[in-house]
Amino acid sequence: MPSSEQSMFSKIALSAVSILLANLRHLLSSLMQFVPGKTNLPSKSHERQFTRPTLQCISPLLQTVEETPEPIPAKIKGHIPEWINGNLLRNGPGKFEFGEEKYNHWFDGMALLHQFQLRNGMVTYQSKFLQSNSYLINNQHNRIVVSEFGTLAMPDPCKSVFARFMSRFDPPSKRVSKKYKICSWKMHIHFSVLVPLWLTWSQFVANSQQNGAEPTFFFSGTTYNIIEVPPQKSNCNETLEGAKVLCSIAPTDNMKPSYYHSFGMSENYIIFIEQPIKLNLLRIITSKFRGKPISEGINWEPQYNTRFHVVDKRTGKVLPGQWYTKPFVTFHQINAFEDHGCVVLDLCCQDDGKTLAVYKLQNMRKSGADLDQIFGSVARTFPRRFVLPLNVNSDTPVGKNLNPLSYTLAKAVKDSDGKVWCTHENLHPDGFENFGGLEFPQINYSQYSGRRYRYFYGCGFRHFIGDSLMKVDVETKNFKVR
Ligand SMILES: [Fe+2]
């Protein structure tokens, strides 16, 4: 295989791995919705949540479980319509240690695939661990051999007596040199896998990659790539057949590209959001040296504003406009559509980007007031609307709201430096935080993806795990909770 093809193949393969990683959080959260949370509503302010009864401990959900290779009948509450037939597949961490070594972060556990088979009003369940390279090699050695997002794999303590002796008495400079060699190779893998943690949207995949070969990595920096995957394939087993890079976007700081998870897409445009959760490449590359997991190199840096990049889907060209807004974090977009020369973009947003660091297993396994306190430190997620006027040029007046749409209060104002500063409109009424905010948004995709719409659905989070279903009317801002 030519090296360019190999390179492309490896990038695509790594993107696929990253999609799987990205879905762990997603899918586990969905499964965990079966766990009842406290029904007491939190009081109005974020801080006052500490005064309510303690949250239910979810530690039992964060323990290693055995596979269920053969289908077993599931307990059903309520009634499942008989017309629903099919398999519901979910994925989430199901193994949190190998031998005596334990993982640290919720995202680290080994993937357990779950299947719920629905047929004629009945449900069966079975599960199996994904036979990933990490799972197999960890199992083989009965310890954590492969570092994960929040866990650094330690050197093998069972090396030969001679090797252990040497590791104890090596001069420091020599030891550092050896480790750096390993580290630099390992980081090539880790960075490629971790940076694109993020997900597909229709036929498009976004990832971030290093430019060029590893030795030039420090000097060439990074780019965000959006990869187009054709829907038609000649080989159904080759899910990424025909994939190509649609466009490349330069990060604002190429040594600190942003973490991203999903992007918006209207009929003609892709909206890529560069948010201030930053991947500090120097920290990530040196993490093994410093005995730190890669998660320690991912930081909330609100000194950066959030930037929207808009890409023409047909040509792959990045539009020249510069749209900015205040720092926020988004994992999931709700919908995007075009109207009167603008892109309307609806997102689930947090004002604080430290959430990833909170999801350590030691935090999530707490109980009582300690669990309340940890949960109280997590920023709530709220649905917001942004309007990006696309036709901005030197003739566009400065200081004027460029949003022509009467149905939204979102603003977009061109500054004297030519940048457009966007101010969101809340897609919820006051008091929405009492229900924990909303995440994992869904719309009626077949009818309204990329089109003006009225309703979306999501999970309310009065716990680390979703504890309610919500329906929101984006026109009236009214919502229903179950
Ligand atoms: Fe997700």
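The largest nonpolar core holds 77 residues. A nonpolar core here is a set of buried Ala, Val, Leu, Ile, Met, Phe, Trp, Tyr and Cys residues joined through C-beta atoms within 7 Å. Strand β18 (residues 342–350) gives the most to this core, with seven residues. Domain 1 (3–49 + 184–481) and domain 2 (63–169) both contribute residues, so the core lies between them. Domain bounds come from an automatic or database domain assignment.

This is a predicted model: local features need pLDDT of at least 70, side-chain atom pairs count only at pLDDT 80 or more, and totals for chains, interfaces and linings use all residues. Residues are numbered from 1 along each chain as its sequence is written.

**Core and overall make-up**

- Ile270, Ile271, Phe272, Val343, Leu345, Val387 and Leu388 touch the most other members of the core.
- In soluble globular proteins, nonpolar side chains tend to be buried together.
- Of the 482 residues of the chain, 34% count as buried. A residue is buried if 20 or more other C-beta atoms lie within 10 Å of its own, exposed if 12 or fewer, and partly exposed in between, with C-beta atoms placed from the backbone.
- The chain has ten helices and 26 strands. Helices (H or I, at least four residues) and strands (E, at least two) are DSSP runs, numbered from the N terminus.
- Among contacts with a separation of 6 or more, 62% join residues 24 or more positions apart. Two residues are in contact if their C-beta atoms, placed from the backbone, lie within 7 Å.

**Strand β15 and its partners**

- Six of the seven residues of β15 (residues 306–312) are buried, so the strand is largely enclosed by the rest of the structure.
- Strand β12 (residues 269–274) runs antiparallel to β15, joined by six bridges. Two strands pair if DSSP finds at least two bridges between them.
- Ile271 has Val310 in β15 as its bridge partner. Ile271 is also one of the core residues that touch the most other members.
- Three bridges join β15 to strand β16 (residues 323–325), again antiparallel. Here Thr306 is the bridge partner of Thr325 in β16.

**Sheet β1-β6-β5-β2**

- This open sheet has four strands, in the order β1-β6-β5-β2, with antiparallel pairing.
- β1 (68–73) and β2 (86–95) stand at the edges with a single partner strand each, so one side of each has no neighbour in the sheet.
- Neighbouring strands are turned by 20 degrees against each other on average, direction ignored. Axes are lines fitted to C-alpha atoms, for helices over the stretch in contact, and angles run from 0 to 180 degrees between N-to-C directions.
- Nine bridges join β2 to β5. Leu89 stands opposite Gln115 in β5.

**Sheet β23-β24-β25-β26**

- This open sheet also has four strands, in the order β23-β24-β25-β26, with antiparallel pairing.
- The edges are β23 (438–442) and β26 (479–481), each with a single partner strand, so one side of each is left without a neighbour in the sheet.
- Strands β24 (residues 455–460) and β25 (residues 468–473) share six bridges. Cys459 stands opposite Leu469 in β25.

**Single residues in loops**

- Most residues other than glycine have a negative phi, and most peptide bonds are trans.
- Asn120 has a positive phi of about 50 degrees. Asn120 lies in the loop between β5 (110–119) and β6 (122–129). Asn120 is exposed, with 9 other C-beta atoms within 10 Å.
- Asn142 has a positive phi near 55 degrees. Asn142 sits in the loop between α2 (133–141) and α3 (161–169). Asn142 counts as exposed because 12 C-beta neighbours lie inside 10 Å.
- Lys256 lies in the loop between β10 (244–249) and β11 (264–265). Lys256 counts as buried, with 21 C-beta neighbours inside 10 Å.
- Lys256 and Asn280 are 24 residues apart in sequence, yet 4.9 Å apart in space, C-alpha to C-alpha. Not counting residues up to four places away in sequence, Lys256 touches Lys278, Leu279, Asn280 and Leu281.

**Confidence**

- The chain averages a pLDDT of 79, and 75% of the residues score at least 70. pLDDT is the predictor's confidence in each residue, from 0 to 100.
- Over residues 160–203 the pLDDT is below 50, and this stretch has 55 contacts in the model beyond near neighbours in sequence.
- Residues 207–220 also have a pLDDT below 50, with 27 contacts beyond near neighbours in sequence.
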